[in-house]
Structure formats: C-alpha cells, structure tokens
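Look at the structure first, then read the points below.

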Amino acid sequence: MFGRLTIEALPLYSAIAAGGAAVTVGGALLVAIVITWLKGWKYLWTEWLTSVDHKRIGIMYIVLALIMLLRGFVDAIMMRAQQAVALNSGGYLPPEHFDQIFSSHGTIMIFFMAMPFMTGLLNIAVPLQIGTRDVAFPFLNSLSLWLSAAGAGLVMVSLVIGKFSTAGWTGYPPYSGIAYSPGVGVDYWIWALLISGVGSTLSGINFLVTILKRRAPGMTLMRMPPFTWTAFCASLLMAFAFPALTVACLLLALDRLLGMHFFTNELGGNMMNYVNLFWIWGHPEVYILILPAFGVFSEVVATFCRKRLFGYESLVYATMAIGILSFTVWLHHFFTMGSSANVNAFFGVTTMIIAVPTGVKVFNWLLTMYRGRITFHPSMLWTVGFIVTFVIGGMTGVLLAMPPVDFLLHNTTFLVAHFHNMIIPGVLFGYLAGYMYWFPKAFGFKMNESWGKAAFWFWIVGFYLAFMPLYVLGLMGMPRRMEQYNDPSWQPWLVAASMGAVLILIGIACLVMQLVASIRDRKQAADLTGDPYDGATLEWATASPPPPYNFALLPEVRDREPLRDMKERGVSGAPAGTYQDIEIPMNSPVGVILGGLAFVLGFAVVWYIWWLAIVCGLAMWAVLIWRASDDHTDIILTAAEVEHMERARYRALEAARTAGRA
C-alpha cells in the first residue's frame, strides 16, 4: 500500500541527518504554532495564499526564496567545514551524506532560491513599470507560484523522509541511473525539477504576453524601462529553454521507472544526449537569472546617480544579443567529453563573443555613474560590489572558454570558484539590490539602511575570502566535490574558504536583522508618497503598497522616463477628474490546491505509491475542469469605490507634503 516507504526511510543513519530533519520539522511546527497563536490562518488564506494579485504573489515568491537561501546556505557551510577538517581523516560527514549535501546545495540555490527570487521581483515591478493593472493571466501566475513551492517542498521533505540525490545538481547519467542510484534520492530530484519547471515555463509565457500586450498607451518597446527589457528577454529564454529540461527529466524518469534506455550505455542509449539536453537549458538558465539582475542594476544606477541611464539603446541591444547568444554556448560545459576540435573551437569562440555585450553593459553602468550625484543606498553598494566582482569572474570565464585550459581546470575547484563568481554577484547581489530597492513599494515603508550596509560588507568580504582560495586550489590541482584529501598544502586555503563562509553567514544574519528592524520601525519609516527615491519610472507613480488595481487611470507615456516627464509637465500627484469601473480578478484557491496535489503526486511517484499517484492525477484534472467551468472569476470595483480610495490616498499625500514643508 505504501510502496517502498517504510520506517527505514527516517534519517536515523546519521546523527547530523537526524538533527537536520529535526530542525526542518521543528521550524515548520514553530511557524504553524505562531500563526495559530496569532489566529492568522483565516487572514493568511483569504488575503495571501489564495491571492492572484501579482504584487502579493511576488512577495510570496521572495519569502520562498529567502527560506531556501537559508536552507541552501546550511549545505554550503557544512561542505566548507567538512573540507576544512578532512585532511587525512573522514571529517565529520560520511561520504554519501557529503554527496547529498553538494547535490542539494546546487539544486536549491539554482531552482528554489534564484528562480523564485527572480520571479518575485518580476511580479512586483514589471506590471507597475509598464503601466498595467495586472499580468496577462493572473490565475496562471498563482499556479506557477504553487508549483514552484511544491517542488521546493519535495526537496525539503527529502531531508526528513528518505535521502536526496548523490548525483550532483546536474544529475548526469550513469550516476543518476537506476543501477548507480537505486534509492529515492534521484527521484526526489527529478520530480522536484519537473513540477517547478512547469511553473517556470508558465511564468515565462505569462510575462511574455504581459509585456507584449498590456503596456500602457504610448509605451513603445524602446520606452520600456531596462528592468522590463531584461524581464522580457529572460521570459523568452524561460519559454524556450525550460521545455528541454522537462524533456530530459521525463526521459530520465522513464529510464528509472520503466527500464527504458534513453540515457544508458547500452541498447541504443546515449548518455551524451542527456548532457546536451540539460545544458541546452542550463546555459540559457544562467542568463535567465543574470539578465533580470542586470536590469535591477540599471534601475538602481540611474536612480541613485540622478542621471538618465547612459546608452539605453546599446543596453537594450546588448540584452537581446546575450539572449540569442546564450543558446550558442552550451557545449562549453562539456569540453572535456570528447567532441571534435572544430566543435570545441566553435563553442569556445561563441563563449568569448558573449562576453562582449556583457562588457557593453558594464560600460553603460560606469558611464552613468561618471559625474553623477551618487547616493550610497544599500542597493547602490550591491551594484558597485557586483561590477568589480563580476568583471573578475568574467575574465576567468574567458580563460575557461579556451578548450586546452578547460581540459586542465574543468574538474577542479577553479571552475567552482568561477561559477560562484558569476552567480553570487551577478544574480544574488542583483536580487538583494532589487529586494531593498522595491521593498518600500511593496510594503509602504523603507528598509533599515544601516543593517543593509552591514549585510553588504559581510557578504562582499566573505565572498572574496570564500572563493578566491578556490581559484588557487584549482590551479594547484584540487578536484571539486572532494569529501576528504591527503595533500596538506590544500588545507590552509580550505580553512580560509570556511572562514569566508562564516562571514557570509553573518551577512545573512544582518539581512534578518534588517528585516526585523525595518518592521519594528515601520511607522517612522513610512513612505506616504509612493516615491521615496524621486523615481523616473511608473512603479513610483502609484501608492505604496499599490492598490489592487495599480492605476486608477492608465498613464499615458510620452518619454523613456515617464514619471519624470509627468513631473516636469506637472501632471503627476493630482487626482484624476473622472474614474471608471475597474475589473479585477477574484482570489482563487485553485492554485494552492493544484500545488498541493502536485506535491503529493511527486511524493507518491518517488515512493511508488501508485494508487495515491493516480488519485492525485485524477483530482488535478477535476480541479482544472472545475476552474475552467467557472465563469465568475472577476469582481468589479465601481468608479465610486475607486474614487474614494484614490482621494483618501491624495489626502494622505498632501498631509505628508504639508508636514514635510513644516
């Protein structure tokens, strides 16, 4: 009845594993107890979990991302600690547990931290920036969130019931095949990626349609803000790249479940087909994550330098060029796997070429800062730290683009350092900058700047201390993913790397303190204007937090910086003459229900509980039919209701201005 699920699935094989499971379960129970004590379940369900408001969905995405950041970082610091003490000894982690940790670390950070963080920022900012009232498909937006949460839930459950994959975050056959990984770990990995990947594909399609079809009157493509442009390119990549990952995971699942031979070394199978499919998704994925961060940096630099962004057109063209070229470089991830010299040369050249439009963007940002009146808001600090650090990572990437060099360094910690040198500054710094930049828009009060600056300095110093030694170790020949070693010359560098991880941990603690202090001081830091930075783009033209309809009247765009243009023309900050009825989508529990069913379906297939999988599959179809048959999915806000909300906002705004003048 319960398939292969038995009492032996509990993590009793290791005190550390049992402790991790206890912390996970205890944390979930603590949250549930606090919500119950506050009598918050009804509010949480009606106002948040069932919401289809893109702004609330964006906030929930970011909450998921921050939770998974904590979970993924625990893996990172455990790995660094293990390697720091593993000279001529077993360290404190058994080999199989160490393999689970590096597999879950990569999986969590890419799929369940970076992707939700990116999608959350897109949800909060893009519809507001293009002057629309909602995304094109609000229900699909909710479904995407809960499918991503279901995938993250499967990874978290693997800590408590069963084990996670030991085949790395890329899941290469034959390591991920049934012969080498007969347990449930790879199945957890496959179904977490399949479920969340469908959600990401739907998000990409949703934002593509939103940006193409729902822009405000007058907002041509070449008047869109830089962040919206990067969101558009990332969405395009999501729509075209994620299906490759879905196919690869499905075929791998068929190999494991039904004994097929898509990726075996016998009976017509070809392991390299998996590697090609994975990296056809995998390299565009790097730019799916990095391009929106580039958009954040563009917005932040222009805002805190009090200048128009230098070279807007070149930045747009560079963004599109990166998007196109990202599909031409995937083979550099396996230069060492036997392709011909001509093939390696082609992909080496394209890898070097893609550095050119990236360099164009760096010059755009530097020339925007040149002679600007720079304000060192925490978002600006993340931006400056990114520029310096990312350029170093880019240079090492060009070095690795040469196949002869890559043959020597590919399986060493040099590659680990390079990858993190691109992803941490190029993605996480960007998302943290966006999180601090748009926080007042989402919640109506500013973040504590002192704690934000402290977080930046611990992160940046910790990053250099954690990853620069890995470059050195790579040049010394240390292979990656080593659980123990016997070369004493490596240990000092590994100890330094572990100290860097400790500094990053302090940086994460500062982020937590920043949030706590900001909530504590929210009345003093309230922003009634909706425009705390004297912004130039449309998201700052609305209240903070914005009303459900975003804009009472859709703005008319005449300039690349529409809000600044409206301020100069004297048409911003005043009530409209007449209002109209506005149709907004109703909250719906369907997204939560489908996400929950997807989670149970994935769990059932992992453990071969086939009756439960069939029940969940049928239930999902039934819920979809129910949703498709429901003709009452919208409500009408009358013109009188809209006028009442808008006039209340302008009265508060005028009172704030009067208090400011006094």
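Helix 3 and helix 5 run roughly parallel to each other, because their axes cross at roughly 15° and angles under 35 degrees count as roughly parallel. The model is a predicted one. Two packed helices are described by the angle between their axes and the distance between the axes.

**Helix 3 and helix 5**
- Helix 3 spans residues 54-85 and helix 5 spans residues 138-157; their axes come within 10 Å.
- The crossing of this pair, helix 3 and helix 5, is left-handed.
- On the helix 3 side, the residues in contact include His54, Tyr61 and Arg71; on the helix 5 side they include Pro138, Trp146 and Met156.
- Sorted by class, the contact of helix 3 with helix 5 holds eleven nonpolar, five polar and one charged residues.

**Helix 8 and helix 11**
- The axes of helix 8 (residues 271-304) and helix 11 (residues 355-369) come within 9 Å and cross at roughly 15°.
- Helix 8 and helix 11 are therefore roughly parallel to each other, and their crossing is left-handed.
- Among the residues that meet are Leu291, Phe294 and Val301 from helix 8, and Lys361, Trp365 and Met369 from helix 11.
- By class, this contact of helix 8 with helix 11 has seven nonpolar, three polar and one charged residues.

**Threonine 537**
- Threonine 537 lies in the loop between helix 16 (491-520) and helix 17 (562-569).
- Threonine 537 counts as buried because its relative accessibility is 7%, and buried means under 20%.
- Its side chain forms a polar contact of 2.7 Å with the side chain of glutamate 539.
- Leaving aside residues up to four places away in sequence, threonine 537 touches Gln129, Pro225, Glu299, Pro562 and Leu563.

Conventions: Residues numbered from 1 in each chain as written. Predicted model: local features only at pLDDT ≥ 70, side-chain atom pairs only at ≥ 80, totals over all residues. Heavy atoms only, no water. Helix = DSSP H or I, 4+ residues; strand = E, 2+ residues; numbered from the N terminus. Buried < 20%, exposed > 50% of the residue type's maximum accessible area, 1.4 Å probe, protein only. Polar contact = N/O pair within 3.5 Å; in protein donor to acceptor, adjacent residues only side chain to side chain. Contact = heavy atoms within 4.5 Å. Axes fitted to C-alpha atoms, helices over the stretch in contact; angles between N-to-C directions. Parallel < 35°, antiparallel > 145°, perpendicular 65-115°, else oblique. Left-handed = near helix turned anticlockwise from the far one by under 90°. Nonpolar A, V, L, I, M, F, W, Y, C, P; charged D, E, K, R; others polar.
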